[in-house]
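Please look over the structure shown here, and then read the briefing that follows, which is written for someone meeting it for the first time.

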Amino acid sequence: MAVTFTPLEPFGLEVTGASGGQLVDPRAAEKVRAALDEHGVVVYRGLDISDEDLVALSRLLGEVVSARTGEHRLPEIATITLDPAKTNTVLARYRKGNFLWHIDGATDELPQKATLLTAREVDPAGGDTEFVNTYLAYQELPEAEKAELEALRVVHSFANAQARAVPDASERERAAWEKVPAKIHPLVWTRRTGRKSLLLGATAGDVVGMDSEQGRALLEGLLERATRPERVLRHRWQPGDLVIWDNTGMLHRATPFEPTSLRLMHRTTLAGEEMVA
Ligand code: OGA
Ligand code: MN
């Protein structure tokens, strides 16, 4: 079958007709990397990549994060589901945070470089994945506002995200979240290449040196502008799809689905390569 490449709106690239095995090749991986740089999100329709090939492709793209949570026989693969019966119980509950706009690893020194997510079981009733491009969100700001935001630093914490995702949490759960160290990052992330993006999302709480409410309102306003409906790329999953995103610049979230849903994703993540600076 011929491989076709179609730019998506408002950003992203869709690839059809490729097979998982074809991508496990250094030259093919180089093209994936270039497509990610250019488009932010690359959607492979019906790729049907095996778990082994998903890990092999991930290794060609960067350093693969191993979680060893016992979720999957391959330590590089995370099983993304809300059903505790299909994964690690604690992780299933944490993954409610996936319903909120976030980037993966925002509380780490080096947020993860890219995420690869493939659909094993889909839910016809929901569970799409939405993306917004925070390089574009930054570019769209008026110059004076860009200059004002440049000096701001933001506290990111797991507790901020979970408090939003699980408002009914027990005191014990809250205490567990607080154990994950918070991280302060600049609001504007300038890459070695000079490219800039906004670092926002569910982990973001206070702006350093600003009144808490004022800081949160500022971030909320920026997030609202970045995630306007016309800026959102929405992926409606079919089994076998693989979506790869530049995690450093793509806020993403799952649209609602039930905890008992069949929906099951296999995910690998690539270790971060650049500090937020
Ligand atoms: C993730 C994530 C979204 C989804 O796995 O990091 O955000 O739609 N997933 O499952
Ligand atoms: Mn995520």
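Threonine 129 stands opposite alanine 254 in β14, and five bridges join β6 to β14, the two running antiparallel. This is a predicted model, in which local features need pLDDT of at least 70, side-chain atom pairs count only at pLDDT 80 or more, and totals for chains, interfaces and linings use all residues. Residues are numbered from 1 along each chain as its sequence is written, chains are lettered from A and ligands numbered from 1 in the order in which they are written, and side-chain values use heavy atoms, with hydrogens and water left out.

- Strands here are DSSP runs of E with at least two residues, helices are runs of H or I with at least four residues, and both are numbered from the N terminus.
- Strand β6 (residues 129-133) has five of its five residues buried, so it is largely enclosed by the rest of the structure; buried means under 20% relative accessible area, exposed over 50%, and partly exposed in between, with a 1.4 Å probe and protein chains only.
- Thr129, Phe131 and Asn133 point one way from β6, while Glu130 and Val132 point the other way, and all are buried.
- β6 also pairs with strand β12 (residues 233-235) in the antiparallel sense over three bridges, where two strands count as paired if DSSP finds at least two bridges between them.
- In that pairing, phenylalanine 131 stands opposite leucine 233 in β12.

**The manganese ion**

- The protein donors of the manganese ion (ligand 2) are His102 (NE2), Asp104 (OD) and His252 (NE2), lying 2.0 to 2.2 Å from it; donors are N, O and S atoms within 2.8 Å of the metal (3.2 Å for Na, K and Ca), and because water is not among the atoms, sites may look incomplete.
- Along the chain, these donors follow the spacing H-x1-D-x147-H.
- Aspartate 104 lies in the loop between α4 (89-94) and β5 (114-121) and histidine 252 in strand β14 (residues 250-254), so the pair ties together parts that are 148 residues apart in sequence.
- Aspartate 104 is buried, with a relative accessible area of 8%, and histidine 252 is buried too, with a value of 4%.

**Ligand 1**

- The residues that surround ligand 1 include Ile80, Asn98, His102, Asp104, Thr129, His252 and Ala254, where a residue is counted if one of its heavy atoms lies within 4 Å.
- An oxygen atom of ligand 1 is 3.1 Å from an N or O atom in the side chain of aspartate 104, and a polar side-chain atom of histidine 252 lies 3.1 Å from an oxygen atom of ligand 1.
- The protein covers 100% of the 290 Å² of accessible area that ligand 1 has on its own, as computed by the Shrake-Rupley method with a 1.4 Å probe; for residues, only the protein chains shown count as cover.

**Threonine 248**

- Threonine 248 has its place in the loop between β13 (242-246) and β14, and is buried, with a relative accessible area of 10%.
- The side chain of threonine 248 makes polar contacts with the side chain of arginine 191 at 2.8 Å and with that of aspartate 246 at 2.7 Å; a polar contact is a pair of N or O atoms within 3.5 Å, and within protein one must be able to donate a hydrogen and the other to accept it, while residues adjacent in sequence count only if both atoms are side-chain atoms.

**Glycine 70**

- Glycine 70 lies in the loop between α3 (51-61) and β4 (78-80) and is exposed, with a relative accessible area of 70%.
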